[in-house]
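Please look at the model shown here, and then follow the questions below, which ask on what grounds each description rests.

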Amino acid sequence: MLSTLLSQIVNGLVLGSLIGLIALGYTMVYGIIQLINFAHGEVFMVGAYGALAMFTYLLPTFIQQQWYFALPLLLIAGAVVSVGVAVAMERFAYRPLRNAPKLAPLITSLGVSIALQEVIRVFYPGATAAIPFPNIFIPGTWTISVGDGVVPIKYSGILLVVVALVLAYALNMFVERSRMGRAMRATSQDRDVARLMGINPDRVIVLTFALGALLAGIGGVLYGGFYTNINIDIGFQNGIFAFTAAVLGGIGNIRGAVVGGLAIGLIKSLAGQYMPGGSAYDYVWIFVVLIVVLVFRPQGFFGETERVRA
Amino acid sequence: MTTIEKAPSQALAEPPRGRLAALAPYTSVLRIVGGVLTLVGAFLPWATFVLNDGPYPEGATLEFFSEPFGVSGFRLHLVLLGLASIVVALVPVAAKGRIVRGFGWGVIAISIVNGLYITVEGGGFGAITASDGTAAFGAFVALVGGVVLVVGATAGGIDPPTHWDLKLGRVVEWLILLVAYAIVLLLVAAVLTSGGQGGAANPFSGAVFLSFLGAVGGAIAGLHASGLLGWIARMSERHRIYSVIVLLLAALALPLTSAGTEYWMTVAANIGVYAATAIGLNIVVGLAGLLDLGYVAFLGIGAFVAANLSGAAASVVGIELPFPLVLVIAAVVAGCFGAVVGSPTLRVRGDYLAIVTLAFGEIFVRSAQNNIGGLTGGSNSIPNIPPVELFGKGFNESVTIGALNLPSGVLYYVLIVLIVAAVMWVFGNLKNSRLGRAWIAIREDEDAARAMGIRTGPIKILAFLIGAMLAGFAGAFFAHKLGTASYESFRFLESVTLLAAVILGGMGTIPGAVLGASVLFVLPEKLREFADYRLLLFGLALVLIMRFRPQGLVPDAHRRAELAPESEAPPDHPDDGPAGGTTVKAAAT
């Protein structure tokens, strides 16, 4: 069925853009301090809840009903909450461990991840179950008829893909062209030498966390808009996918993260449709791909071969 | 005690510093005042009303003066700590300051826990101050007493713990060790049962338990400072085999203590399962230095293998094999999976390896959830796994030996104690073997190890294989004891908890893994009232451990330097008071 295939590809691209958006945060943080920040998925989740909280408790009804008022406000709220959480966690959890052995920050990030998830579950009203997310974009679906069937494309999905690609492009420009981006690249290559060149590595690292969180927070809002409800597990799940995507694309590489994200999205939706076991096993296929990539091409699609990993 | 001498290597008392220095001349007075205040606090009323039903109040009410001899529970602990502080302040002993400081922290812990609890239960601040013409300042007086104790103790300078060089005859030392282990056994039983079984019917248990923990912690800190504990530890080191045997017997004797009820036996057996698994993980993470984030999958594999070979009705295999054989098969199957999971270590290192193991763990859970091949029962789990049987006796039945009637669950407890002992034995021997040294070498520097002629590839896989076998072994027991095998017991969070147990206890050490597993699985059991916050506290605890005590409770001598911050020496005493000697090193080690 051509229409089924195309629908799955559309689904995969939407999910893939989202994963790519989150993967950018993983890849940048890993590129700079070689930390797998497990809590990054939770930053994404917190952004979605932050935006939801603002929508539910702060916005007057007439703004709630007009998506073109609500959307920018929600995006800002999600980004602010995510960035705040990420900066706080860098400051209080990771910075004291800057010179500790690698295991310490990794386990800290697991702890932060669990704690953030639980904070939401315990203190956000109703968060023990999935919560409906408001409509943030033109409601409805654009349908294309293909041969024997139709391919539905939600408008909020189009929004997600476009925003993700634009943000990834902007981030790439920032890292490659701006002064601060150059400082980031310098810090990731050699923190001590960067310090000698007048760069403050702590500021660069905070900025890295903040940028990653900005994208994740926006991703969280768009996720809510597309999937119409959110729960506290979305952070961990999508976080793992995003990490896989970052590795797939070559960790530390911005373009790689986006391509990896799209690849993961496509694998998930196509494997769920066509592989034995169906959608119950789509997770399994992603992890299988992850293992195969890590074992046979650990530097990913775009990674530099010569990078020495500890 | 006159024969006890301080070792010549001991440093002199650290001079008092900062604002407390002004108080130095008054230290003895302060310590006595603190002790007296503690006593007074213990005898004052603690609540302006009678706490609602249940055993908690134990005199935590205004009714105290009507029965003047009813000092029990936390008030008894306060009396003991207060008296001990006064005695130490008056009697000439070494390391006075450190001893009293330990007692003082114990007093503070008790007063805060109980005061907070009464405040919360009593519906506000009035509960521990004054309301309706009644006054109850017990909590405040005791808290002030504790603070005065700590301040008084610290102001005089903190000596390092005393080092006793006393050696006695073999028989005397054996007797002392026997008594010491008997006390440990009773203490374990008391901690386990303090506050009783948590839950809705017994809302006091958490507070009572924490308060008791504070008292025990304060007393242990004081005894450690006096040098008694170090002395006994060195003595047990001298009589290693004897100590191991006595400890094993003590562990087997737990059912004879107050913990010998069905409920506590079940709890203890569960702790045993996780302790055995944690030791297996300790081989992979602690010795070989390979981070495994999906380790609980091997426990799950062992459990599902055992479930399928147990003759349970829900199993598609439907074979029933004797339990010892099942144990071996489960261990072997888990070991094979361990080798498969470990094989990427040939090419992948560090963080990436952690992700590979996490991926394997997730694949396992997803597959089990989807009832792969009909082997795992999916979301229905595999229920009704028959209990282990030996000589026609089910292990879930109660036991009667002569006049002694032991509750059901005892046999499982005994079995898991033996399993844990066996696993500890395997671990201890491996650690000191050629293989163990090879693992440690790989952990320290893989390239250097390879240069020294260690075949790193097979040896790393072997670490995974052996670690997985131990987990599989424990898993087979787990399935029979629980009676069901469900994928929900083997999620990512369980892996993190096990890892946390290993790290909390101290990586690469045997007592560490057991201690860590006990702490992480007893606390949630005891603090049921806070069940909602359990994971939140767990996450925060992980962050705090990594920040303040990354080397764990029982640090390994080799590991110690490695997990500490690279630039400075390891922080040895995070429990030091805020004004206390945070730079004091444990001189005894």
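Q: What makes up the two domains of chain B, and where do their bounds come from?
A: Domain 1 of chain B covers 20–247 and domain 2 covers 260–531, and these bounds come from an automatic or database domain assignment. This is a predicted model, in which local features need pLDDT of at least 70 and side-chain atom pairs count only at pLDDT 80 or more, while totals for chains, interfaces and linings use all residues. Residues are numbered from 1 along each chain as its sequence is written, and chains are lettered from A and ligands numbered from 1 in the order in which they are written.

Q: How far apart do the C-alpha centres of domain 1 and domain 2 of chain B lie?
A: The C-alpha centres of these two domains of chain B are 36 Å apart.

Q: Why are residues of domain 1 of chain B said to be in contact with residues of domain 2 of chain B?
A: Two residues are in contact if their C-beta atoms, placed from the backbone, lie within 7 Å; 10 residues of domain 1 of chain B and 9 residues of domain 2 of chain B are therefore counted as in contact. On the domain 1 side, α5 (170–193) and α6 (205–226) of chain B each supply at least two residues, and α6(B) gives the most, with 3 residues; helices here are DSSP runs of H or I, at least four residues, numbered from the N terminus.

Q: Which residues of chain B's domain 1 side count as nonpolar, polar or charged?
A: Ala, Val, Leu, Ile, Met, Phe, Trp, Tyr, Cys and Pro count as nonpolar, Asp, Glu, Lys and Arg as charged, and the others, Gly among them, as polar; by these classes, the side of domain 1 of chain B that touches domain 2 has 3 nonpolar, 7 polar and no charged residues.
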